[in-house]
Amino acid sequence: MGMFCYQCQEAAKGTACTIIGVCGKNQEVSNLQDLLIYQLKGISLISNRLREIGQTTKEADKFVVDGLFSTITNANFDNSYFLDKIKETLALRHELKSQLAKAGELVEKDLHDAVLWSPKNDQDILEKSLAVGVLSTKDEDIRSLRELIVYGLKGMAAYTKHAMVLGYTDDSIFAFIHKALAATLDDTLTVEDLTALTLETGKVGVTAMALLDKANTEAYGNPEISTVDIGVGNNPGILVSGHDLKDLEELLIQTEGTGVDVYTHSEMLPAHYYPRLKKYKHLKGNYGNAWWQQNIEFKSFNGPILMTTNCLTPPSNSYKDRLYTTSIVGFPGAKHIKNRKENGQKDFSEIIEHAKKCPPPTPIESGQIVGGFAHSTVLSLADKIIEAVKSGAIRKFVVMAGCDGRMKSREYYTEFAKALPDDCVILTAGCAKYRYNKLNLGDIGGIPRVLDAGQCNDSYSLAVIALKLKEALGLDDVNKLPIAFNIAWYEQKAVIVLLALLYLGFKNLHIGPTLPAFLSPNVAKVLIERFNLGTITTVDKDIENFVQIF
Ligand code: FSO
Ligand code: SF4
């Protein structure tokens with residue numbers, strides 16, 4: 001059958017996974033994901049037409065956001081989930097076409113195959129899934145730009161979904177997602193057109209991240225400087241991973257007084273920084289490290305694990321029966337917690353009862369880590385920081401936000417953090433922080449040398465900090481700030497963060513440990529020439545490059 005996926009940093013041999021995903025995704029799931037994306041493009045094409053004549057497309061908006069999110073790396077490994085979703089696209093497409101026909105605007109012969117194609121049975125679906133993947137675009141540069149846009153949209157969809165869960169939406173984001181998805185079906189668009197659309201994706205990415213920032217801070221308060229315990233207590237626990245704060249909040253409410261503690265894992269760590277989440281005494285601490293170590297750490301946790309979003313890795317038998325998924329996450333055989341009904345909560349009773357029967361977690365480390373340096377916190381310290389910059393006590397900020405991953409070459413980030421001169425401060429967000437957030441790198445006049453803003457979406461916070469510092473220091477260009485960017489990427493949320501930073505005018509960004517496999521040589525050249533985008537070399541050379549010279 002074969003597959004072709006190159007959407008993440010761990011694509012096999014740095015080119016593409018063609019036999020099985022390094023992430024564990026099998027051929028059928030990979031191909032069904034391709035077909036789902038193709039179908040979503042069809043839905044977006046009709047949604048665009050409906051929007052042009054002033055009609056709303058609420059159901060399609062939500063469906064497309066969920067669908068994009070479910071195909072992100074390490075989110076859903078369940079072929080039946082994708083088969084069902086593809087069937088749902090057929091029903092939704094039919095409804096949208098009827099809506100268009102009623103308005104007298106349906107011109108069937110103009111419509112694309114993504115709108116017209118119809119399967120008779122599951123076999124037809126599987127066959128079609130082989131024909132609509134990445135390689136169906138023959139021109140290498142057009143393919144590269146189409147995929148770059150789609151991956152950016154996947155990241156944007158993830159952040160949009162988190163905001164939606166908290167009741168925040170912005171119609172301009174839905175409109176753009178439909179427009180951009182449909183544009184990737186349009187064979188008349190040139191490399192220049194698609195390059196412009198890529199930059200526009202970054203612009204709307206900023207809107208999506210700003211919306212999520214507003215949603216998170218209005219729902220849970222501004223993040224505060226917080227100390228998080230990394231040891232364990234004596235009660236049984238539930239470990240919550242992923243990025244969905246609402247799931248965590250509802251679980252905290254439902255576990256209160258039950259004798260079950262709640263621990264965060266990986267990207268859920270920043271939940272401890274929000275006043276309306278940290279007030280729960282049984283939000284005990286953070287267990288473990290970044291996502292890729294879960295195979296070892298979930299075993300010793302002993303209690304149930306709730307995956308609210310990616311990154312999930314295929315579970316081993318030692319904890320598979322304790323794994324719960326929810327929302328767009330899925331794994332064959334794992335128990336799935338259903339979505340909440342309008343104005344209701346998810347029902348976590350099964351997972352709570354399960355936890356009560358489990359022993360407490362086995363300790364794997366002890367101590368504390370500090371975080372909560374989102375834009376509101378850092379800007380409240382602005383005077384102190386500007387003083388430190390002006391006096392030379394702080395020579396440089398190095399943004400080391402992004403993702404962690406399995407590759408041995410990522411040890412570079414630990415070594416880089418250790419080798420940074422004492423007068424440099426690391427600004428971080430995302431699970432990349434686990435490479436250096438337990439190193440005790442000290443502080444500069446009370447300002448910690450690792451400032452953690454939060455999850456990967458909080459990279460937006462780092463951009464806000466940079467833009468405000470530019471103003472405060474009276475600079476006319478953000479690239480004149482004493483800030484270097486050494487960003488680690490893994491999956492598609494990092495793609496939207498990168499496009500957003502480019503849109504905001506940041507140049508000289510270094511991304512690693514490797515450049516994306518989906519950038520064709522020509523597209524990479526454009527990014528390198530236009531934005532000075534670069535990758536990493538050795539720790540010594542990069543310290544010299546990023547820190548010494550400015
Ligand atoms: Fe990490 Fe995974 Fe947050 Fe990503 S847990 S790798 S960019 O999903 O989303 O930083
Ligand atoms: Fe390979 Fe990454 Fe695609 Fe998984 S998501 S199949 S690891 S490129």
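Start by selecting helix H6 and helix H17, where Leu148, Tyr151, Gly152, Lys154, Gly155, Met156, Ala158 and Tyr159 of H6 meet Gln492, Lys493, Val495, Ile496, Val497 and Leu499 of H17, contact meaning heavy atoms within 4.5 Å. Helices (H or I, at least four residues) and strands (E, at least two) are DSSP runs, numbered from the N terminus. The model is predicted, so that local features need pLDDT of at least 70 and side-chain atom pairs count only at pLDDT 80 or more, while totals for chains, interfaces and linings use all residues. Residues are numbered from 1 along each chain as its sequence is written, chains are lettered from A and ligands numbered from 1 in the order in which they are written, and side-chain values use heavy atoms, with hydrogens and water left out.

Now look along the two helices: the axes of H6 (residues 140-165) and H17 (residues 492-503) come within 7 Å and cross at roughly 100 degrees, where axes are lines fitted to C-alpha atoms, for helices over the stretch in contact, and angles run from 0 to 180 degrees between N-to-C directions. That angle makes H6 roughly perpendicular to H17, a term for 65 to 115 degrees, with under 35 counting as roughly parallel, over 145 as roughly antiparallel and the rest as oblique. The residues of this contact divide into 9 nonpolar, 3 polar and 2 charged; Ala, Val, Leu, Ile, Met, Phe, Trp, Tyr, Cys and Pro count as nonpolar, Asp, Glu, Lys and Arg as charged, and the others, Gly among them, as polar.

Next, select ligand 2, whose surrounding residues include Cys5, Cys8, Cys17, Cys23, Lys25 and Thr73, each with a heavy atom within 4 Å of it. The shell around ligand 2 divides into 8 nonpolar, 3 polar and 1 charged.

Then select Lys62, Lys161, Met164, Val165 and Thr169, which lie nearest the centre of the largest pocket among its 24 lining residues. By class, this lining has 3 nonpolar, 7 polar and 14 charged residues. Helix H2 (58-70), H6 and helix H7 (171-183) each supply at least two residues of the lining, and H2 gives the most, with 4 residues. On a 1 Å grid over the protein atoms alone, a pocket is an open set of points where a 1.4 Å probe fits, with protein on both sides within 12 Å along at least five of seven lines, and lining residues have an atom within 4 Å of a point.

Move on to Cys311, in the loop between strand S5 (305-307) and strand S6 (323-326), where the peptide bond from Asn310 to Cys311 is cis, with omega near 15 degrees. Asp321 also has its place in the loop between S5 and S6, and, leaving aside its neighbours within four places in sequence, Asp321 is in contact with Lys335 and His354.

Finish at Pro513, in the loop between strand S15 (509-512) and helix H18 (521-531); the peptide bond from Gly512 to Pro513 is cis, with omega near 10 degrees.
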